[in-house]
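Me: I would like to go through some of the labels used for this model and ask what each one rests on.

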Amino acid sequence: MSSKLPTDLKTVLESEIKEWHFHIYFHQGNAEEQHAALELRDAVLRLRRDGAFIAVPSFKVNTDPVGPHPVGSYEIWVPAETFSSVFSYLSQNRGPLSILVHPLTRDTRMDYEERAAWLGPAYPLDLSKLPARTEVLPAEYTNLKVGYSCKVPFMNLGDRAALGSNVEKVLLREQNAARAPLP
């Protein structure tokens, strides 16, 4: 059986997801959960101000179900450049809240159905009104020049190839590390 997974470095890097949403959920009738959600939002805003990461919580907090979200929620937009920092912080500090994490691509419904992840228990979503696909890349906060708006790649193809080669050499001495297949 041959693999259909993309492994061409250029193709993989060009298709990399550059922006994400974290949806913080709270039961709209639960004052304690709503308070915890707003405290988490304020903490993210303070950390963004202090330079911990780039994260943009939406100004609007939905106190009722909106769109595919079955309970109260708000979203936090995060560029790929600081995704791991925000994911780390939210996974350690979400308390009793559930958080839906999904990429922003042209394949809107797939982003929620197949590419999403949860921190905490998952909620059933109503995706019936989401478009399957949009023609416009959903770049947000373009004035920040990160995510899809970043014009300078983190590493060029040559730097990436050199990094991969170096990692393979170092891991030759590691018994538990799997080896990359030969080209």
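Reply: Two strands count as paired if DSSP finds at least two bridges between them. The model is predicted.

Me: What makes strand E1 (residues 19-26) and E4 a pair?

Reply: Six bridges join E1 to E4, and the definition asks for at least two, so the two strands pair. They run antiparallel. Within E4, Val101 is the bridge partner of Phe22.

Me: Why is E4 also called paired with strand E5 (residues 117-119)?

Reply: Three bridges link E4 and E5 in the antiparallel sense; at least two are needed, so this is a pair as well. Leu119 of E5 is the bridge partner of Ile99.

Me: Why is strand E4 (residues 98-103) described as mostly covered?

Reply: Buried means under 20% relative accessible area, and six of the six residues of E4 are buried. Ser98, Leu100 and His102 point one way, while Ile99, Val101 and Pro103 point the other way, and all are buried.

Me: How do you know how helix H2 (residues 31-50) and helix H3 (residues 83-93) lie against each other?

Reply: Two packed helices are described by the angle and the distance between their axes. The axes of H2 and H3 come within 12 Å and cross at roughly 145 degrees. The crossing of H2 past H3 is right-handed. Leu40, Ala43, Val44 and Leu47 of H2 make the contact with Tyr89, Leu90 and Asn93 of H3.

Me: Which classes of residue make up the contact of H2 with H3?

Reply: The contact has six nonpolar residues, one polar and no charged ones. Tyr counts as nonpolar, so Tyr89 of H3 falls in that class.

Note on methods. Residues numbered from 1 in each chain as written. Predicted model: local features only at pLDDT ≥ 70, side-chain atom pairs only at ≥ 80, totals over all residues. Heavy atoms only, no water. Axes fitted to C-alpha atoms, helices over the stretch in contact; angles between N-to-C directions. Helix = DSSP H or I, 4+ residues; strand = E, 2+ residues; numbered from the N terminus. Left-handed = near helix turned anticlockwise from the far one by under 90°. Contact = heavy atoms within 4.5 Å. Buried < 20%, exposed > 50% of the residue type's maximum accessible area, 1.4 Å probe, protein only.
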